[in-house]
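Let's take a look at the ligand site and the pocket around it.

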Amino acid sequence: MENIQTIVVDSKEQGAEKICELVQKELEAGHLHVLGLATGSTMEPVYEKMTESDLDFTNVIAFNLDEYIGIPATHKNSYAYYMNELLFSKKPFKETHIENGMAEDLDAECVRYETLLKENPLDIQFLGIGENGHIAFNEPGTSPESVTHVVELTESTIAVNSQYFTEDETMPVTALTMGISSIMQAKKLIVAAFGEKKRPALEKLFEGVVTTEWPVTYLLDHPDVIVITDLKL
Ligand code: PGA
């Protein structure tokens, strides 16, 4: 798998440092104008390291992968809120973009977002991996042709992510997400996977067979992927 470079680290903190180094290298080379960001617990140490660093994103446009439908940007579990808390309030970017999960016309919102992505091709896209092999909210069964679209979250994703919602909050069961094709357009993919729960998904990736049941395996068809993990496979 010449297209996939794997970097094994001792901890997610070390992984986060590695990601910052990769970003710094691309910035210094003048290759990073548009950065695709991800959310979730995997990315928390990454944004912590980024905010502590002297990396300069004032000329970088950011796009996020996905957003829940039906909770506003002021809700602490929205990804807009997460990004603002962890990164954007501390590190200024030229522009930041995320799908609007409160849009009245969700199909129009998907078209708007995908058009913006086409106008601003992604240089690097960060990705986490779901325990069920999803990338962004592209759940098992998602077509490789998919662009930004509305998704119904699977039981597995709802079970994993419901830990962030308190008992009196209802977790959204639908979301907006960049599609597989939108993600695959990025020039470079940086994939982070830490902890034993991610082992089955990474094992599927390294089996080397593309299957719609494990969307992470679509990355096998991308020319430039860096996987950063603390798992020895
Ligand atoms: P996590 O989520 O970083 O919280 O494990 C990753 C994902 O679901 O893509």
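## Contacts with the ligand

An N or O atom in the side chain of H134 sits 2.7 Å from an oxygen atom of the ligand. T42 puts a polar side-chain atom 2.5 Å from a ligand oxygen, and K198 does likewise at 2.6 Å. These are polar contacts, meaning pairs of N or O atoms within 3.5 Å. On its own the ligand has 280 Å² of accessible area, and the protein covers 83% of that (Shrake-Rupley method, 1.4 Å probe).

This is a predicted model: local features need pLDDT of at least 70 and side-chain atom pairs 80 or more, while totals for chains, interfaces and linings use all residues. Numbering runs from 1 along each chain as its sequence is written, and side-chain values use heavy atoms, with hydrogens and water left out.

## The shell

Around the ligand you'll find G40, S41, T42, G128, I129, G130, H134, Y164 and K198. By class that makes two nonpolar, six polar and one charged, with Gly counted as polar and Tyr as nonpolar.

## The pocket

The ligand takes up the space of the largest pocket. A pocket here is an open set of points on a 1 Å grid over the protein atoms alone, where a 1.4 Å probe fits, with protein on both sides within 12 Å along at least five of seven lines; lining residues have an atom within 4 Å of a point. Its volume is about 800 Å³, the space filled by probe spheres set on the points.

The lining has 37 residues, with T39, G40, S41, N161 and Y164 nearest the centre. β4 (66–68), α3 (79–88) and α5 (155–161) each give two or more residues, and α3 gives the most, with five.

Key
Near = heavy atom within 4 Å. Polar contact = N/O pair within 3.5 Å; in protein donor to acceptor, adjacent residues only side chain to side chain. Sits in = over half its atoms within 2 Å of the grid points. Helix = DSSP H or I, 4+ residues; strand = E, 2+ residues; numbered from the N terminus.
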